[in-house]
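Let's take a friendly walk through one protein model. Keep the sequence and the 3D view open beside you as you read.

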Amino acid sequence: MQLLKWHGQLILLNFLMFMSWRPCRGLNVPSYDANYRANPTRRSAVFAQPSSYYDQYAAAGPKPLTADQRRAKLTALSNPDFYFPADPEADLAEANEPEPALERQRARPAPAAGSFSYNEKDKNGPSHWYRVDVRCGGRYQSPILLNTSSALLVNRKRPLRLDGQTNLPQTILLQNDGHSAKFTYNWRTGADRPVLRGGPLKTKYLFDQFHFHWGVNSTVGSEHVYDYQRYPMEIHLVFYNGLYESFAAAREQVDGIAVVGLFYEIYDHSVDEQLNTWTRFLRNVVEPNSQHTIEFIDTFPLYEVIGDVEWPYFSYEGSLTTPPCLETVTWIVATKPLLVTEKEMKQFRRLQSPTGLMVNNYRPVQKLNHRRVFLY
């Protein structure tokens, strides 16, 4: 019985092998003999297709465009917005797609410094900044509407401290970069640089520069909106995380930047009185892309600009308010405004940009997108 069982299994195995070999009889299967192993290039000849195999495809070629397809293509190419999807989400999705190896090897040219505009009518206006840098279409952008009633109140808090704000710098570089008036302090030693710590910050942040945003009149100008009110001007003091070597190295990190924003309101009691004496230097940088060095004898400390750091403030996670709009900023926005006179505001409004007067250089309010805003 055992022999009969083995005999039946052997017959079944031979039958299956025969059936699996039978469909392959008509194929041009190479013979892997000694000659083939000695000349491996024969493999391409073994499987080569006759010339007639390709002729039917080569003769056909690409199908010609119909009249409607040709008209649609010409219309798209003549449209200046054809290469810029109107939806920032589409740009973000496209940017996240893996690039071909050759494209990754080519260095992409950085957008020009003056390639964005504050004019909504321009192609590179604030609502189209994602064309300048795709990160400006992110979900955690700044500025935002700061609402006291919806903010989360922080009861147990660490005091916010700004150490070294009375230190005098060696020189101050004042620049009109075409978008704002920027004051960059040059310190004699690293120990003189002011340090921001406490509050929502986990580490110490080193002072880098401050700049301003203002409007064409005193009803607009600030970037953040506090309880549905805009102020005529807003100052941004930019700090970078002390864990990194410089602002350039820190700006790409998640915890890289902290920006302190303070509003300015008009001092109505005196039109001609000068509250902020440092505004007299603005007349030296009226032209765009101009700069002026304030020597040591005329320098002024941060304390002369913002006073004591003793005010309630909002804090949230956001971004830079100009391209590249990096979402690496911890924002600290004071609720108590500073004072400025109309005469001093006129000195800001005299500054020139590449397209005319430098006014309304503020970004519109961005969506909160479920972010939490804290009130300290």
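Two strands count as paired if DSSP finds at least two bridges between them. Strands themselves are DSSP runs of E with at least two residues, while helices are runs of H or I with at least four residues, and both are numbered from the N terminus. Before we use these terms, note that this is a predicted model, in which local features need pLDDT of at least 70 and side-chain atom pairs count only at pLDDT 80 or more, while totals for chains, interfaces and linings use all residues. Residues are numbered from 1 along each chain as its sequence is written, and side-chain values use heavy atoms, with hydrogens and water left out.

**A strand with two partners**

Start with strand β12, residues 313-318. Strand β13 (residues 329-334) pairs with β12 in the antiparallel sense, over six bridges. Here Tyr 313 stands opposite Ala 334 of β13. Strand β17 (residues 374-375) also runs antiparallel to β12, joined to it by two bridges. In that pairing, Ser 315 faces Phe 374 as its opposite residue. In a regular strand, side chains alternate between the two faces of the sheet.

How enclosed is β12 by the rest of the structure? Five of its six residues are buried, so the strand is largely enclosed. Buried means under 20% relative accessible area, exposed means over 50%, and partly exposed is in between (1.4 Å probe, protein chains only).

**Salt bridges**

A salt bridge is a side-chain nitrogen of Lys or Arg within 4 Å of a carboxyl oxygen of Asp or Glu. By this rule the model has five salt bridges.

| Residue | Partner | N to O distance |
|---|---|---|
| Asp 133 | Arg 135 | 2.9 Å |
| Glu 252 | Arg 135 | 3.9 Å |
| Arg 349 | Glu 342 | 3.5 Å |

Asp 133 is buried, at 12% relative accessible area, whereas Arg 135 is partly exposed at 36%. Glu 252 lies in the loop between α9 (247-250) and β10 (257-266), and Arg 135 in the loop between α8 (129-132) and β1 (145-146), so this pair ties together parts that are 117 residues apart in sequence. Glu 252 is partly exposed, with 48% relative accessibility.

In the remaining table row, Arg 349 is buried, with a relative accessible area of 13%, and Glu 342 is partly exposed at 26%.

**Leu 339 and its neighbours**

Leu 339 belongs to strand β14, residues 338-340. With a relative accessible area of 36%, Leu 339 is partly exposed. Leaving aside residues up to four places away in sequence, Leu 339 touches Tyr 264, Glu 265, Tyr 267, Leu 275 and Asn 276, where contact means heavy atoms within 4.5 Å. Its C-alpha atom is 9.5 Å from that of Asp 268, a residue 71 places away along the chain.

**A cavity inside**

A cavity is a set of points, on a 1 Å grid over the protein atoms alone, where a 1.4 Å probe fits but cannot get out, and lining residues have an atom within 4 Å of a point. The whole structure holds one cavity of 30 Å³ or more. About 40 Å³ of space lies in the largest cavity. Its lining includes Leu 160, Phe 239, Val 260 and Trp 311. By class, this lining has nine nonpolar residues, with no polar and no charged ones.

Technical notes:
On a 1 Å grid over the protein atoms alone, a cavity is a set of points where a 1.4 Å probe fits but cannot get out, and a pocket is an open set with protein on both sides within 12 Å along at least five of seven lines; lining residues have an atom within 4 Å of a point. Grid points are joined across faces, edges and corners, and a volume is the space filled by probe spheres set on the points. Ala, Val, Leu, Ile, Met, Phe, Trp, Tyr, Cys and Pro count as nonpolar, Asp, Glu, Lys and Arg as charged, and the others, Gly among them, as polar.
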